[in-house]
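Subject: Structure for you to look at

Hello,

Here is the structure I said I would pass on. Please open it alongside this email and follow the notes below.

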Amino acid sequence: MAERTLLTKRPSWAALQSHYQNTQKSHLRDLFAADPARGTRMTAEGVGIFLDYSKNRVTDETLKLLFALATECDLKGRINAMFSGEKINITEGRAVLHTALRAPKGASVIVDGKNVVPEVHEVLDAMGAFADRIRSGEWKGFTGKPIKNIVNIGIGGSDLGPVMANESLRFYAKRELNFRFLSNVDGTDFAETVRDLDPAETLFIVCSKTFTTQETMTNAESARNWSLATLKDKASVAKHFVAVSTNAAKVKEFGIDTANMFGFWDWVGGRYSMDSAVGLATVLAIGPNNFRDLLAGFHAMDEHFRTTPFEKNLPAIMGLLSVWYGSFFGAETVAVLPYDQYLKRFPAYLQQLTMESNGKRVTLGGAEVDYQTGSVYWGEPGTNGQHSFYQLIHQGTKIIPCDFIAFCKSLNPAGRHHDLLMANVFAQAEALAFGKTAEQVKADKVEDWLVPHKTFPGNRPSNVLMVEKLTPFALGSLVALYEHVVFTQGVVWDIGSFDQWGVELGKALASKIVPELESATEPELKHDTSTNALIARYRKGKK
C-alpha cells in the first residue's frame with residue numbers, strides 16, 4: 001500500500017488546531033449577538049430534511065477550514081470510489097455498495113465487471129411477491145391456516161435494522177400481522193418471543209448470510225424444535241421457515257425450500273443491509289410499495305451526498321462537525337434525540353452503524369491514530385430523555401453534541417400534543433445554546449446561595465433536523481444521512497469504516513470456552529486465572 005499522509009501532519013489539520021486554540025472559549029451567545037443572521041444562514045436543506053446547524057460552536061472560518069480538511073482528505077474522490085464499486089474495504093478486499101441496493105431499475109453499478117442492479121431488483125421483486133402472498137393470506141401454513149405471526153431471527157445488522165424500520169414505520173404496517181424479533185442467544189429471549197404464539201400460524205425468517213452465525217442458528221434450531229413439537233411433520237418446516245442467506249446447501253439442510261431463500265451480496269455490510277433482503281420483515285409489514293418508497297428515500301440522499309457541494313451537503317456538514325467536536329474538543333459521545341415515538345429504536349440502530357464502523361484505533365495504513373475517532377452514540381425519544389439524562393447535558397462537565405430530529409406533522413394528531421412536543425425541541429436546543437446566566441437567575445429573585453445551582457452555562461452544541469412527516473421515504477433519507485455521516489468521519493480520520501475485526505476476538509474465545517462449559521468431565525483450563533476461576537465457578541453452579 002502507498003504511504004499515506006498522517007492526518008495530524010496535514011496543513012488543514014494544523015490550521016484547525018490553531019483555530020481551535022483561538023476560538024475554543026467563544027460562546028454561542030456572543031456568536032449570535034455578533035451575527036443576527038446566523039440562525040437563518042447556517043442552514044442546509046436536501047431530500048426533505050432541513051438542517052439548522054447554527055447552534056454549533058463554529059464560525060465561518062471554522063467551516064471554511066473543515067471543508068478544506070475534507071478536500072485535502074479527498075472526500076470527493078472517496079465518495080466517487082465508493083459509488084463506482086472500488087474495493088474500498090481494503091482489509092477484506094471488498095466493494096462497499098449498499099448504495100446499489102436502492103439504485104433504480106435501469107441504473108448501472110459495476111462490480112467485478114458486472115452490473116449488479118438487475119440482480120438487486122430481481123431479489124426485490126421476489127421479496128415483494130412473497131410479501132403479497134403472506135399479506136393476502138394466499139400463503140398457508142402446514143395445517144392450512146394463514147400466517148398471523150412473523151418472527152425475524154437474526155443478530156446485529158440482521159436484527160437492529162429490521163427492528164428499527166418496523167418500529168419506525170408501524171403507522172404504515174398491516175396490523176393483522178404480529179411481528180417479533182429474536183436476536184439474543186439468551187434462552188429467555190426465545191421463550192418470551194414464542195410464548196403465546198401458535199406454531200400453525202407462525203412464520204420464521206432466519207437471517208444469516210452464511211447460515212452458520214452461532215446465535216442466529218441456535219435460535220433457529222430452537223424455533224424449529226418448538227414448531228415441530230406441535231406440527232410433528234418435518235415437511236412443515238418449509239411452510240413455516242424462510243431464509244435470508246447465500247448458503248443454499250445449509251438452507252436446504254435445515255429444511256427450508258431454497259425457492260424461499262432471499263440472497264444478498266458480500267459488498268453489503270451487515271449494518272448497511274436493512275434495505276436488502278434483510279428487510280424482508282419490513283416488506284411484509286409495510287408492503288412492497290412502501291418499501292420501495294423507503295428505498296427511494298435512501299437513493300435520494302445518496303444522490304444528494306454524491307453531487308452536492310460540501311457547503312450545502314448534509315452528511316458532509318454533520319460528519320465534519322462531529323470530527324470537530326470529537327478530535328478537537330475531546331467530546332466522546334453524541335446524543336441523538338428523535339422527537340417522535342415511532343423512532344424510539346433509531347438511536348439503538350445508530351449505535352451499531354456508527355460504533356461498529358468507526359470504532360477503530362489504526363489508520364487504513366495500519367498506523368496507530370493519535371486523535372479521537374468514533375464517538376459513542378446514544379439517545380432516547382422525545383420528552384422521555386428530558387426527565388432522564390438532559391440534566392447532565394445541560395449542567396454536567398461533559399460536552400455532548402446533540403442531534404434533535406423533529407417532524408412538522410404528527411402521524412397521530414391529538415389536540416395540542418404535537419405543539420407541546422415541538423415546543424420542547426426548540427426550547428431544549430435554545431437552552432443548550434444560550435443557557436441562563438447568574439445575572440438572569442438573580443433577576444428572578446433567587447437567593448444568592450442558590451444562584452450557582454440554577455445557572456446554566458449554555459454553549460452546548462446541537463443540530464436540529466426538521467422533516468415534514470415521518471414517511472417511508474423520510475426514514476430512508478434519515479438512515480442514509482447517518483450512513484454518509486459515518487463515511488465522512490471515516491475518510492477524514494483515515495480509518496476503515498467497513499470492517500469489524502473487533503467483533504471477532506470475543507466470538508473466537510467464546511467458541512473455545514463453550515466445550516469447556518459443556519464437557520462432562522473436568523476440562524484442563526488454560527486461560528488466565530480469573531477466567532479459569534469463573535469457568536470453574538459456573539460449572540459448579542450448574543450442578
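**Helix packing**

Helix 1 (residues 11–23) packs against helix 14 (residues 314–329) at an angle of about 75°, and their axes are 11 Å apart. Helix 1 is therefore roughly perpendicular to helix 14. On the helix 1 side the residues that meet helix 14 are Trp13, Leu16, Gln17, His19, Tyr20 and Thr23, and on the helix 14 side they are Val323, Trp324, Ser327, Phe328 and Phe329. Sorted by class, this contact has 7 nonpolar, 4 polar and no charged residues.

The model is predicted: local features need pLDDT of at least 70, side-chain atom pairs count only at pLDDT 80 or more, and totals for chains, interfaces and linings use all residues. Residues are numbered from 1 along each chain as its sequence is written, and side-chain values use heavy atoms, with hydrogens and water left out.

Some terms first. Helices (H or I, at least four residues) and strands (E, at least two) are DSSP runs, numbered from the N terminus. Axes are lines fitted to C-alpha atoms, for helices over the stretch in contact, and angles run from 0 to 180 degrees between N-to-C directions. Angles under 35 degrees count as roughly parallel, over 145 as roughly antiparallel, 65 to 115 as roughly perpendicular and the rest as oblique. Contact means heavy atoms within 4.5 Å. Ala, Val, Leu, Ile, Met, Phe, Trp, Tyr, Cys and Pro count as nonpolar, Asp, Glu, Lys and Arg as charged, and the others, Gly among them, as polar.

Helix 14 also packs against helix 4 (residues 60–72): the axes come within 10 Å and cross at roughly 105°. Thr62, Leu66, Phe67 and Ala70 of helix 4 make the contact with Ile317, Leu320, Leu321 and Trp324 of helix 14. By class there are 7 nonpolar, 1 polar and no charged residues in it.

**Buried residues**

In helix 5 (residues 75–83), the residues Leu75, Ile79, Ala81, Met82 and Phe83 are buried (under 20% relative accessible area; exposed is over 50%, partly exposed in between, with a 1.4 Å probe and protein chains only). Their cover includes helix 4, helix 13 (288–307), helix 14 and helix 21. After helix 5 comes Gly85, with a positive phi near 90°.

Gln489 sits in helix 21 (residues 472–493) and is buried, at a relative accessible area of 3%. Its side chain forms a polar contact of 2.6 Å with the side chain of Ser322 and one of 3.2 Å with that of Tyr377. A polar contact is a pair of N or O atoms within 3.5 Å; within protein, one must be able to donate a hydrogen and the other to accept it, and residues adjacent in sequence count only if both atoms are side-chain atoms.

Ser276 is in the loop between strand 9 (261–262) and helix 12 (280–286), and is buried at 3% relative accessible area. A polar atom of the Ser276 side chain lies 2.6 Å from the backbone oxygen of Ser273.

**Positive phi**

Most residues other than glycine have a negative phi. Phe211 has a positive phi of about 60°, and Asn459 has a positive phi near 60°. Phe211 is buried, at 4%, and Asn459 is buried, at 8%.

Regards
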